[in-house]
Amino acid sequence: MLVIRPIMASDYSALMQCAEESGHGFTSLPVNEEMLRNRISHSEASFAKEVVNPADEGYLMVAEDTETGEIAGTTAIEAAIGLDAPFYNYHLSTVVHASRRLGVHNTVQILTLGNHYTGDTELCTLFLRPPWREGLNGRLLSKARFLMMAEHRHRFSDVVFAEMRGVSDEEGNSPFWHWLKKNFFSIDFIHADYLTGIGAKGFIADLMPKLPIYVNLLSEEAQAVIGKVHDNTRPALRLLENEGFSCRGYVDIFDAGPTVECDVRNVETVRHSKRYQVEVGEHESEQQCLVANTSFCDFRAVAAPLDIDDKAQRVVLSQQVADALAVTDGDFVRFIEQ
């Protein structure tokens, strides 16, 4: 069984392993000891912090295999981005060049640099190691965050978004970045992505073109990947789309991967999750659920079968599941049926 829990300082080695295995283009998991240790300590402080309104809190969690003690993956939420450092993106939009006198009417797409998601909540750092990519593990790692948002609504903004990894090859070469590098930069995609991951974003404001970019002036290779995702990211994108997320034209400034967003109140798991009282005991139900306790600093979430009594607003769960969630008779859990 995998249990999602807040990260601890002792998880550093496992987090570094996830960073190394995640590969190029995974900006929020740089292979940098200082950065990863800082993220862990910031997360510990954020989970312990009393919050009235979302600010710069970052909640980093890991998936622990209860049988082996191994860390199977990681997932995170940034409560409100762009408040301490600018968060950049491109907006893909359409402009019209027309002349009635000449009978000319052309529509062209442009990319405009901006900071649209400032103050919004970001889903990030979702990575599941290959040996655990089966069953409900991927869903648990992603949807546990929505169960947390539903239960602790005041800690998060009204809009939640996620940057999806764009197209790049096995060496980390991005067709979109190749065009930007040729015309505006002199550094490789991997280096630029790494600098962003460690927070050294000043070069973006210094070198990124300030005026809108006409898409038809980009190379054919760069145009072809705008709004497209990396093959490894397709399952994560489908999961978010099923939750109600969609792209409104915003893409990443490095690889042009799409950014998807949704009002928190419209996220399917948030809307349909239930909060019922716990009874610990044996049952024969095979109804698989994603279930979380209602604690924040000691947050726990697992995938497990529950015996659900909607009339009494009660669920029966096994002692093993209760132990994993750190709940007892009379406590409450929040869950979503699968």
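Two strands count as paired if DSSP finds at least two bridges between them, and the strands themselves are DSSP runs (E, at least two residues), numbered from the N terminus, as are helices (H or I, at least four residues). Keep that in mind for the first stop.

A word on the model: it is predicted, with local features needing pLDDT of at least 70 and side-chain atom pairs counting only at pLDDT 80 or more, while totals for chains, interfaces and linings use all residues. Residues are numbered from 1 along each chain as its sequence is written, and side-chain values use heavy atoms, leaving out hydrogens and water.

**Stop 1: strand β15**

Select residues 314-317, which make up β15; four bridges join this strand to β11 (residues 274-280), and the two run parallel. Across that pairing, look for Glu-279 opposite Val-316.

**Stop 2: aromatic rings**

Next, show the side chains of Phe, Tyr and Trp. Rings pair if their centres lie within 6.5 Å (for Trp, the six-membered ring is used); planes under 30 degrees apart are stacked, over 60 edge-to-face, and the rest tilted. The structure holds 11 such aromatic pairs. Zoom in on Trp-177 and Phe-254: their ring centres are 5.2 Å apart and their planes at 80 degrees, so this pair is edge-to-face. Trp-177 is in helix α4 (residues 175-183) and Phe-254 in the loop between β9 (246-251) and β10 (258-263), so the contact ties together parts 77 residues apart in sequence. Both Trp-177 and Phe-254 are buried, meaning under 20% relative accessible area, with exposed over 50% and partly exposed in between (1.4 Å probe, protein chains only).

Then select Phe-47, Tyr-59, Phe-156 and Phe-296, which form one aromatic cluster.

**Stop 3: charges over rings**

Stay with Phe-296 and bring up Arg-155, which lies over the ring's face at 3.9 Å from the centre. The criterion is NZ of Lys or CZ of Arg within 6 Å of the ring centre and within 35 degrees of the ring normal. For another example, go to Tyr-12, where the charged end of Arg-37 sits 3.8 Å from the ring centre.

**Stop 4: cysteines**

Finally, how many disulfides are there? The search finds zero, taking a disulfide as two cysteine sulfur atoms within 2.5 Å. For Cys-124, the nearest cysteine sulfur is that of Cys-18, 14 Å away. Cys-124 is buried, at 9% relative accessibility. For Cys-247, the nearest is that of Cys-262, 13 Å away, and Cys-247 is partly exposed at 38%.
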